[in-house]
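Thanks for coming, everyone. Let me put the structure up, and then we'll walk through it.

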Amino acid sequence: MGSLIQSVDWLAIAPPTVTAVVALVVLVADLFLPEGRKPLLGRISVAGLLLAGLSLLFLLDGDRSTFCLTGVSGRDACSYTADHFTLVIQLLVLGGALLTALLSISAVRDQRLPEGEFWFLLLSSAAGAALLPASRDLATLVVALEVASLPAFALVGMRRGDRRSSEAALKFFLSSVTATAVTLLGVSFVYAATGTLHLTEVAAKLADVDPRLDTLAQAGVALTLVGFAFKTAAVPFHFWVPDTYVGAPLPVAAYLSVIGKAVGFTGLILVTVVAFPSYAEVWAPALAVLAALTMTAGNVAALRQRPERAHSAVRLLAWSSVGQAGYLLVPIAAAGYADDPAHAIGSTVAYALMYAAVNLGAFAVAALVARTSPRNRITDYRGLYARRPLAALAMGFFLLCLAGLPPGIIGLFAKVTVFRAAVDAGLGWLAVVMALNVVIALYYYLQWTAILFRPAEEAAAETPAPVRIPLPLGAAIALAAVAGIALSGAPQLVLRFASGTLL
Amino acid sequence: MSHTVMQYLLAAIVVLPLAGAVAALLPAPPGLKGRSPEQAVLRHGVTVTGAVLALSIALAAGFDHGSPARMQATTDISWIPALNIRIHLGVDGVSLPLLVLTALLTFLCALYSYFKQQHQRLTPRASGPSPKAFVALLLVLESGTLATFAVLDLMLFFLAFEMVLIPMYFLIARWGGEGRERAAWRFILYTLLGSVVMLLGLLLVGIKGGTFDMVALATDNGSKLSHTTQLVAVLAIGIGLAVKAPMWPLHSWLPDAHTAAPTVGSVLLAGVLLKMGTYGFVRIVLPIAPDGAHTFAPYLAAFAAVGIIYGSLVCLSLARKGAKGDLKRLIAYSSVGHMGFVLLGIATLTPTGVNGALFANIAHGLITGLLFFLVGAVKDRYGTSDLDALSGRTGAALYGKAPRLGGLLAFGAVASLGLPGLAGFWGEMLAMFGAFRPAEGLSRPAFLTFMALAGFGTLLTAAYMLVVVRRVCMGGDGGSTRPQTAGAAENAPTDVLSYEFAAWTPLVALTVLAGLWPAALLGLTDPAVQQLLRGGN
């Protein structure tokens with residue numbers, strides 16, 4: 001029936017498509033630009049990401065979908081859907097990528113990273129990450145996951161001649177590929193049990209799966225989650241995080257900590273809530289335990305970081321991001337117990353938006369400090385307030401948001417919504433574990449904040465006068481700070497996702 | 001005054017210091033530059049806190065004294081619908097006196113800092129950190145404290161409660177004395193851990209009770225919360241508030257913080273910050289979870305009684321000869337004892353006891369504020385507040401060398417020990433009176449014991465205060481001054497300066513006034529307390 005040619009809703013797929021096209025433009029332009037004009041590529045990339053972000057404005061209705069199979073069992077099964085959930089995550093991904101790009105402009109120049117390759121890889125990864133929340137079938141989901149991940153391996157290993165960088169890339173690559181392979185195995189099991197890849201169809205068919213295939217389906221559900229859990233850096237897939245973050249160029253670490261995680265938990269949400277709701281008794285307890293372990297492992301490791309060790313700043317941020325991933329998983333686990341799963345995952349989305357803004361901000365200030373003290377120890381932040389008052393204030397604000405303390409009001413309330421999701425789902429023990437973790441995290445975030453405002457040591461006072469902040473870096477910090485402050489003044493902006501229904 | 005005007009008054013009282021803090025960080029506009037940037041910004045602090053004081057006096061004047069149990073000047077607008085958090089402000093007879101006290105003490109602190117800087121300009125000293133940040137922090141602190149007393153939403157209460165931590169931390173860590181960083185770190189860790197526990201309790205109440213609105217929750221009077229919920233909630237909220245109050249044995253952050261804090265920091269810490277803890281008990285714990293409060297009241301009273309005895313005993317040992325007792329530390333420990341009376345009054349769950357507690361709250365704010373000012377002045381003059389170094393072999397003989405300073409110190413000490421006719425007397429008397437006949441269902445023998453202990457505590461308080469007066473104010477012969485220790489002033493210390501008089505006189509006057517006319521305050525608090533204990537509002 002109908003024509004063989006699919007009609008494609010180009011507007012609906014604009015956000016990932018624009019990003020991908022700009023990536024190709026950058027790659028080609030790199031061939032023709034003389035060495036001196038290469039910085040232009042960074043500007044093109046920033047403009048491309050802005051354009052892709054603006055295209056979201058045309059999709060605000062949230063009712064478009066494309067690449068549909070019509071007529072199968074009376075329902076439309078679409079591979080690409082631009083609903084409100086998709087739009088929010090795409091906003092997060094593109095906004096995060098934009099901040100990363102701003103961070104990268106000076107880093108690429110300072111560290112002499114290959115311009116064309118860097119921007120192409122960054123944009124490709126962003127395109128994959130933007131495609132992922134819209135995917136509504138398992139094949140697209142895995143493809144998007146890989147499009148987002150593969151360039152990231154190369155980005156991590158970008159620092160030429162740096163042994164640590166290549167080692168980090170290899171570590172990251174090997175563990176990630178293993179996780180993806182496991183996911184693919186899970187997908188194939190699920191396909192074998194249900195005979196379809198579309199998430200909604202899978203959900204319908206899993207509800208009454210052949211009893212003989214039940215074990216297969218259960219195994220498939222469990223294995224599928226592995227790849228996504230890896231991306232969120234959930235325990236036990238978190239070991240790659242600190243070394244990878246330290247080895248990678250700083251903007252790439254920032255990118256992984258925000259967009260990498262967004263990819264992971266978006267995939268988890270789609271797979272669990274949309275595709276496997278009937279197997280909630282399999283994945284919900286697993287995710288709850290995973291969440292508890294992840295936040296505890298991350299926070300305890302972050303607590304043990306010694307501030308005077310080299311790269312302790314990035315290490316601490318890395319471990320704290322593992323801890324934060326634990327909080328992100330809580331509402332997803334809660335969704336398995338709740339009557340209205342879409343309601344619960346809104347807390348994850350709200351939390352992720354807050355986390356994206358302030359964590360990128362923290363990395364941006366870290367990038368700024370790394371310019372003058374390349375070892376990037378936490379002790380290097382001593383007296384930052386005296387040297388750069390605004391940057392220190394911004395950093396303090398970001399850290400307090402991550403800790404969830406006033407004046408980081410949004411951090412506090414995002415945690416409260418996550419906490420409430422756990423309590424509402426009857427996961428009292430998880431709420432208690434989370435509260436304990438918040439307390440542990442308070443300690444190291446506060447300690448770092450306090451260091452910012454201590455007077456500099458005598459020896460450090462003789463460091464050269466601060467150089468001017470590069471404009472893009474300053475803009476990135478300012479953007480993140482403005483986002484954080486706006487959200488703290490009007491938390492409803494993101495918290496409404498926690499009360500409305502997204503999916 | 002019309003309701004709208006009152007509404008705006010209250011909102012302005014909370015917001016104005018915050019706006020002032022931001023303005024303090026900006027460069028002064030032309031015409032307000034003053035003689036120097038330091039002078040300009042300190043003057044700015046005086047202006048803003050003065051305006052806030054004027055507004056709060058206007059609020060008190062416009063307050064309908066006929067019905068202090070009713071929430072007045074209320075504002076109620078939605079802030080975060082997703083969590084059902086509202087910006088709900090209002091004052092009643094319980095919060096109004098605390099609001100005015102906060103505005104007054106902060107204004108006096110700003111005034112004191114301004115003139116002190118003016119005075120020291122003539123005698124140049126090593127320049128400390130910029131007064132710009134100092135004024136901004138002071139104003140943020142004021143805003144947070146005022147907000148704590150004015151908000152009627154549990155989440156906002158928590159925010160306001162936390163808001164004061166950061167400025168206090170920096171006031172201690174940057175402007176403090178010896179051991180300040182450790183003391184500041186300890187202060188923030190203790191109070192933060194306490195308030196995280198409190199947050200959990202508040203969340204529990206909010207989630208189970210269906211709203212974060214204090215007025216609605218108080219009207220329910222715990223009817224929507226199961227007994228277990230109330231127990232857990234009171235325990236969690238109580239721990240957070242008890243750290244702040246501070247209740248023995250959670251007090252150990254306080255002596256260090258007080259000793260290390262600058263004069264202004266100590267005054268505000270003792271004068272108003274501690275009151276946030278006890279205010280929380282009266283405003284949140286008693287009306288919202290009455291069953292839980294009932295269960296835990298004997299324990300609270302026991303800890304309070306131990307705190308009274310413990311605080312006085314430590315003070316006695318600090319006041320001994322050769323104990324190297326620090327005067328600031330001594331007054332800090334005396335605060336533990338005085339706050340013990342407040343907690344004891346609250347734990348009786350009777351109108352008498354709670355009224356006494358609220359009265360003792362205000363009295364302690366006035367008297368201890370004054371004492372910290374005086375000790376700060378002594379420290380400025382002698383370079384030390386070590387009691388042994390000050391008094392030497394015979395005594396510091398302030399009566400002879402600086403009679404006015406000595407007289408004021410003796411006045412503060414006597415007020416603190418609860419001399420009838422001064423503010424310290426009524427609150428502690430009422431608290432003990434409440435313990436004599438505690439609320440129905442509470443064990444009377446236990447409370448009689450606590451009352452006896454508290455009574456014994458007043459004796460000990462009198463003992464150490466008189467020892468302090470003897471060692472600091474008397475001794476030697478006033479005429480011939482011999483430098484006792486290195487670093488002590490060579491000449492007789494300057495007596496009270498006019499600006500110091502200006503900052504201290506209001507406290508002295510109010511201490512006398514509250515002592516002679518307690519009805520002024522009790523008339524405000526009593527109806528509100530009656531209603532809070534009954535449920536409603």
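Which residues does B:Trp504 touch, not counting residues up to four places away in sequence? Contact here means heavy atoms within 4.5 Å. The list is B:Tyr112, B:Leu370, B:Phe373, B:Leu374, B:Ala377, B:Leu405, B:Leu408 and B:Val496.

Ground rules before I go on. This is a predicted model: local features need pLDDT of at least 70, side-chain atom pairs count only at pLDDT 80 or more, and totals for chains, interfaces and linings use all residues. Residues are numbered from 1 along each chain as its sequence is written, chains are lettered from A and ligands numbered from 1 in the order in which they are written, and side-chain values use heavy atoms, with hydrogens and water left out.

Now the core. B:Trp504 is among the residues with the most contacts inside the largest nonpolar core, which has 395 residues. Others on that list include A:Phe276, A:Trp448 and B:Leu59. Helix 13 of chain A, residues 341-372, gives the most to this core, with 20 residues. A nonpolar core is a set of buried Ala, Val, Leu, Ile, Met, Phe, Trp, Tyr and Cys residues joined through side-chain atoms within 4.5 Å. Buried means under 20% relative accessible area, exposed over 50%, partly exposed in between, with a 1.4 Å probe and protein chains only. Helices (H or I, at least four residues) and strands (E, at least two) are DSSP runs, numbered from the N terminus.

One helix check. Helix 4 of chain B, residues 131-150, has 20 residues and should span 28 Å at 1.5 Å a residue. The expected span is 1.5 Å times one less than the number of residues. Its end C-alpha atoms are 28 Å apart, which agrees. In that helix, 18 of the 20 residues are buried, so it is largely enclosed by the rest of the structure.

Next, salt bridges. The rule: a side-chain nitrogen of Lys or Arg within 4 Å of a carboxyl oxygen of Asp or Glu. Take B:Arg283 and B:Asp92, at 2.7 Å, N to O. B:Arg283 is in helix 11 of chain B, B:Asp92 is in the loop between strand 2 and helix 3, and the two are 191 residues apart. B:Arg283 counts as buried at 3% relative accessibility. B:Asp92 is buried too, at 1%.

Another pair is B:Asp388 with B:Arg471, the closest N and O atoms being 2.8 Å apart. B:Asp388 lies in helix 15 and B:Arg471 in helix 19 of chain B, so the pair ties together parts 83 residues apart in sequence. Both B:Asp388 and B:Arg471 are buried. In chain A, salt bridges that share partners join A:Lys171, A:Asp243 and A:Arg315 into one network.

Now the backbone. Where are the cis peptide bonds? One runs from A:Val235 to A:Pro236, with omega near 0 degrees. A:Pro236 sits in the loop between helix 8 and helix 9 of chain A. Another runs from B:Ala245 to B:Pro246, with omega near -15 degrees.

Two positive phi values to flag. A:Arg112 has a phi of about 55 degrees although it is not a glycine. A:Arg112 is in the loop between helix 3 and helix 4 of chain A, and counts as exposed at 69% relative accessibility. B:Ala73 has phi near 55 degrees. B:Ala73 is in strand 1 of chain B and counts as buried at 2%.
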